[in-house]
Amino acid sequence: MPTLILALLLSFADDSIRFSEPEIHLWPNGAPGSEGQTSPETWNPSKDGFHRVTNIHNPSITVFLPPKEKANGAAFIVCPGGGHQYLVMDLEGSLVAKKLNEMGVAAFVLKSRLARAPGSKYKADIESLADAQRAIRLVRSRAQEWRADAARVGIMGFSAGGELAALAEMRFQPGDANAADPIDRLSSRPDFVVLGYPGVRPANLTVSKDTPPTFIVVANDDNLSAASAEYYGKLKAAGVQTELHIYLTAGHGFGMTGRTPAFASLPVAHWPEQLRQWMAALHFLHPATFP
């Protein structure tokens, strides 16, 4: 095959997203546990207009900041879903981030290692969780630079990303004052958590009184709705400030903006506003003062 034709075919096959926002690797010298992994990230061909990345060995966050005059200091690590096989980087990543920016909230879309990617040896509760914890610490370490409040850094996840966010709210760690890396001296506990149709297994999660306030959204016609309701029950029983929204119709994988224009006419389309009201009620959206 002539070189020019091959190059053209490869260019059409490239289904990656090239964000204009900065991407920052969580560990500048490589992620612990990924030593020797040099194969490049792979973007799966899109069949529905949304874009999926897999084969991640150098985890990162992509930084989406609200306008300076609108920033209120709150921040989210955003964990896209994809069954731990890939990450849906727009529907449950950049589109979510931009919706949060409209609320004045900073958003950091996490590109984490994946337990079920082809040939993966990673585990969701080890490497993926370490990525989420590191992302929280990294945002805290640079909070002033990003006009965020280090005491108002939350995590939001969808589907498998919701499972990751739930792990982060259960298995957080205090900072290690003696750590050589100053980022590791900060706590990985999220200040608030949002779970979108999460792939949680409540029996595997231990809720305590120190579990952060949690907001859950899911559809009744999603197979994950019963587990979400069960998890809500565990949070409530532990005295955690929590709110659950179960919508009659929405299916799975609707993010904040839906998959089609028809989403806008569904009651579930209003859940971002209900999230904003919940955060305001818990004083996570109060104005912040920055230099």
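The largest nonpolar core of this predicted model has 40 residues, a nonpolar core being a set of buried Ala, Val, Leu, Ile, Met, Phe, Trp, Tyr and Cys residues joined through side-chain atoms within 4.5 Å. Buried means under 20% relative accessible area, exposed over 50% and partly exposed in between, with a 1.4 Å probe and protein chains only. The residues with the most contacts inside the core are Ile 61, Ile 77, Phe 108, Leu 110, Val 139, Ile 155 and Tyr 231. Two or more residues each come from β4 (60-64), β5 (75-79), β7 (106-111), α3 (124-141), β8 (153-158), α4 (160-170), β9 (193-196) and α5 (225-237); helices (H or I, at least four residues) and strands (E, at least two) are DSSP runs numbered from the N terminus. Apart from this core lies another, of 38 residues, among them Ala 74, Val 96, Phe 158 and Phe 215.

The model is predicted, with pLDDT of at least 70 needed for local features and 80 or more for side-chain atom pairs, while totals for chains, interfaces and linings use all residues. Residues are numbered from 1 along each chain as its sequence is written, and side-chain values use heavy atoms, leaving out hydrogens and water.

Beyond its neighbours within four places in sequence, Leu 110 is in contact (heavy atoms within 4.5 Å) with residues including Leu 26, Ile 61, Ile 77, Asp 131, Ala 135 and Leu 164. Leu 26 itself is found in the loop between β1 (23-25) and β2 (42-44), and counts as buried because its relative accessibility is 1%.

Helices α3 and α4 pack at an angle of about 80°, their axes 10 Å apart. Axes are lines fitted to C-alpha atoms, for helices over the stretch in contact, and angles run from 0 to 180 degrees between N-to-C directions. The two helices are therefore roughly perpendicular to each other, the term for angles of 65 to 115 degrees (under 35 is roughly parallel, over 145 roughly antiparallel, the rest oblique). Here Ala 124, Asp 125, Ser 128, Leu 129 and Ala 132 in α3 meet Leu 164, Leu 167 and Ala 168 in α4.

An open sheet of 3 strands has the order β2-β3-β6, with antiparallel pairing; strands pair if DSSP finds at least two bridges between them. β2 and β6 (87-88) stand at the edges with a single partner strand each, so one side of each is left without a neighbour in the sheet.
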